[in-house]
Amino acid sequence: MYQPTFAVVSAVYGVAPYLPAFFASIDSQTYSHDRIRVFLIDDGSIDGSGALCDEWAAATDVDVVVIHQKNAGQAAARNAGIEMLGDEDWVTFTDPDDMLDAEYFSEVASYIMSDTDVQLVAGHHMDYWEEDPERGDRHALRFRFASGNRSVDLERFPRNFHMHIASSCLRVDVLRDSGLAFDERVRPVFEDAHLLAKYLLEATTPMVAFVATAKYHYRRRIDGSSTMQNAKVDPRRYTDVLEYGTLDLLKHALDRKGRIPDWVQYEVIYDLAWIYRNEDALHGKHMGLAQEVCDRFHCLVGQCLRMLDPMNIEGYPDVKRSTAQREAMVHGYAHEPWRWQSLVIDGVDEDKGLVKLVYHFTGELPVEEVFVGGVLTPPRHAKTRDFVYLRRPLVHERILWVSMRGTLRVKLDGVQVPLTAVWPTGAMSTLRPAQMSRMRRTDSRGAANVIKAANSKRSRKNEKVPSDSKVRRAEKLAQLRPFAKLFQDAWVLMDRSHNSNDNAEHLFRYLRLERRDINAWFVVKKGTADWDRLRKEGFKRIIPHGSLLWMILCLNATHMVSSHVDQYVVEPFARRGAWRWKYVFLQHGVTTGDISRWLNTKAIDLLVTASRHERASIAGDGSSYKFTTKEVVRTGFPRHDRLLQLAEDSSKARTRNHILVMPTWRAYFSGESKQGTGERGVNPEFYDTRFAQEWKAFLESPDLQDLCDREGLDIVFMPHPNLEPYLKGFGLPDRVRVVSYADADVQEMIANSALMVTDYSSVVFDGAIADRPVVYFQFDRDVFLGGGHIGRPGYFDYGSQGFGPVVVSNTSVIAEVKAIASGGFVVPEKYAKRRRAAFGAVEGGACARVTKAIEDLSRPIASKRLRAPVPTPTSPPIAYDL
């Protein structure tokens, strides 16, 4: 029987570490080696890849042709390989950092001989994770191989499109006759999908064979250095790819077929959907893109989406998208305004007598009329939240907290709209048999249960698996009279699980001194320095974090109050039944960036802020946060009360005796998180980072030491708590006093400082409260503010709103320190003015204001006050440009 021949074209560049495994996978093929020919195009590699190709070509029994050329890119290298093709039947474009299963070509050949109508063969693309080889394949389109080897007509089953050319085999004669080649302008991604789709559009019937037994191992590099892994930050991904790839493909399909087949539409939707998904990730990889790149993206993507069937966009099932992501693609680029046809009841606050209504819209805000008991009643709290994608708000969410003391009805633009408890889901453009069966089995009672379960997103979010034995035991004990009485209406306060001395501890101290009528308890891990310190000070209401007693306390609590909002704080363990507390987020520091993607996932009942702009950026119209003036208050932080007093005492006693250096954390060199706590493992590569090297150079600077000697000052290095595990190995000179949050009182350190040097730390706001001068040392601002750290750029611009000069080099930071020293370590008027703009008249009493705000959470609002709207601030613009 005739056996097909295969050509392997592989573009080689900078992959020397991976070539041995690739070559071995070719050598191990069970298919006849004389039926395989390999073309290795060395695209100007400078890491020795070319030499390795030559060595293998001389040693293997496979026919290997090595071509050396100047660097021109992957597409040009592959095209050079296409030009070299001879009389081979099929061609594939295996990437040289991947691997083929030993039976790969045998399985492909066997299938080709059994089905001669196939136009394209797709090998089983399987993810291979370098850091965890046992992780397994998680590709979003892996369902195509779930039914074994099979041929699929894409016109009938459009979800089965294939975009990965490295795991594909194409007919050489079709490729040659069509004159198709890789478009060198389509980079860094989509060049595969672009060529494959055009190739299949040449066929009368786009028949694709999915050969599950032909396994292609796609390497997910541990260092994240592959083209695909770096594509998110490449501006061409949002301009050239769309213009020369996506839009060109849609026009080509329209020209060839007179229509755009559904499978082509699905392929485009699949590719674009990941951009919107990535935009909503915690780490904003798109944040470093220039404004002109974002503008070009929206112009191009708008043209693309308007060529697609809206039902296909909305109903495409294979990329999980949020409601806003789906709506942005369907309605965000349409010329006509759009809104939901109903309002969703998304929450109820029975204590205050308020109900939360939500709807989405594009265009201008509809005219809203809310009637309570037949009376036109303005919302108590209202806000328009923006869903921003690549710097442009595409969809808006309207949030209304209105009185529930009377029959409620709402009109939008003069038309009465239905009220529902069901959050909208995307309309399905196709239904599979299993889906139809599930729908057929759903009776009216089942539908009612679905509506009840969807009453609020929070109820769905907090739905947990059944509690373990320890929680069940705690639930039983919590109901016993001694515990129920001891912890009745308790307030549980904690900072981190393993340390304290932050806003929660300061509020706890105030409550025990001034408000003993409140049943307040503090939580920290037993055996830590803060546990020992608090116990030595005589505090008896300290409960060990993680203990059974702590669980009993939490189950009886009415309020959980913390300076942190990690999941182990907000929802520390699974609960059943009616156990419910209100969560109060005191914040660890003033929020300057946009951390909405993180905070919006949290069930926060009260969020405490300190500055005017900070509150407006979270609760204001146009922000990305879901929180309104109902949840967000500006009280100042509890720790500020003591800080103000310490700063005043230090200035009077003239004890400002050191320069305080306080760099913040970087999410991108975090160690592994320890489940259920706020602790992290140590990253062994930390000391080689630029962060460690830059701060070490500053602290060891002879000029800095000379200045301190002249002024009679010490140098104190006090980094973020997450950096404390690295202090012992930092290797600083003896003249630098290294202190940790566990060993020193941070407020005393700030109050007694002559000057503070930091990078992005919100502790600078504490320095501003204490009226201390500051210098920002931001050597890595492009990475940090461009999406490398958790969160995204927010309203706060260090250059125009910061409380001190911003510098990017060691030389400059020393110069600024000298300038402040020459002025007597007084805050220059330029920065004092900014302090007043942020805080107004700085005064104490924050603990009392926070306590009142927490108590107000459960206090009913008088009916007359419910009809008085709380003014909504305007969110300040995002400071995108660095």
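Thr384 is buried in this predicted model, with a relative accessible area of 12%; buried here means under 20% relative accessible area, exposed over 50% and partly exposed in between, using a 1.4 Å probe and protein chains only. Residues are numbered from 1 along each chain as its sequence is written, and side-chain values use heavy atoms, with hydrogens and water left out. Because the model is predicted, local features need pLDDT of at least 70 and side-chain atom pairs count only at pLDDT 80 or more, while totals for chains, interfaces and linings use all residues.

Thr384 belongs to strand 15 (residues 381–389); strands (E, at least two residues) and helices (H or I, at least four) are DSSP runs numbered from the N terminus. Its side chain makes a polar contact of 2.8 Å with that of Arg398. Such a contact is a pair of N or O atoms within 3.5 Å; within protein, one must be able to donate a hydrogen and the other to accept it, and residues adjacent in sequence count only if both atoms are side-chain atoms. Leaving aside neighbours within four places in sequence, the contacts of Thr384 (heavy atoms within 4.5 Å) include Phe361, Leu365, His396 and Asp621.

Turning to the nonpolar cores, these are sets of buried Ala, Val, Leu, Ile, Met, Phe, Trp, Tyr and Cys residues joined through side-chain atoms within 4.5 Å. The largest has 82 residues, of which Val91, Phe93, Leu170, Tyr276, Phe297 and Leu305 touch the most other members. Helix 9 (residues 262–279) gives the most to this core, with 10 residues. Another core, of 60 residues, lies apart from it and has Trp491, Leu586, Val774 and Cys847 among its members.

An open sheet is formed by 7 parallel strands in the order 22-21-20-23-24-25-26, where pairing requires at least two DSSP bridges between two strands. Strand 22 (542–544) and strand 26 (632–634) are the edges, each pairing on one side only. Within the sheet, strand 24 (residues 582–585) and strand 25 (residues 606–609) pair over 2 bridges, and Phe585 stands opposite Leu607.

Finally, the axes of helix 18 (residues 503–514) and helix 33 (residues 846–856) come within 10 Å and cross at roughly 85 degrees. Axes are lines fitted to C-alpha atoms, for helices over the stretch in contact, and angles run from 0 to 180 degrees between N-to-C directions. The two helices are therefore roughly perpendicular, a term covering 65 to 115 degrees. His506, Leu507, Tyr510 and Leu511 in helix 18 meet Cys847, Ala848, Val850, Thr851 and Ile854 in helix 33.

Terms used
Parallel < 35°, antiparallel > 145°, perpendicular 65-115°, else oblique.
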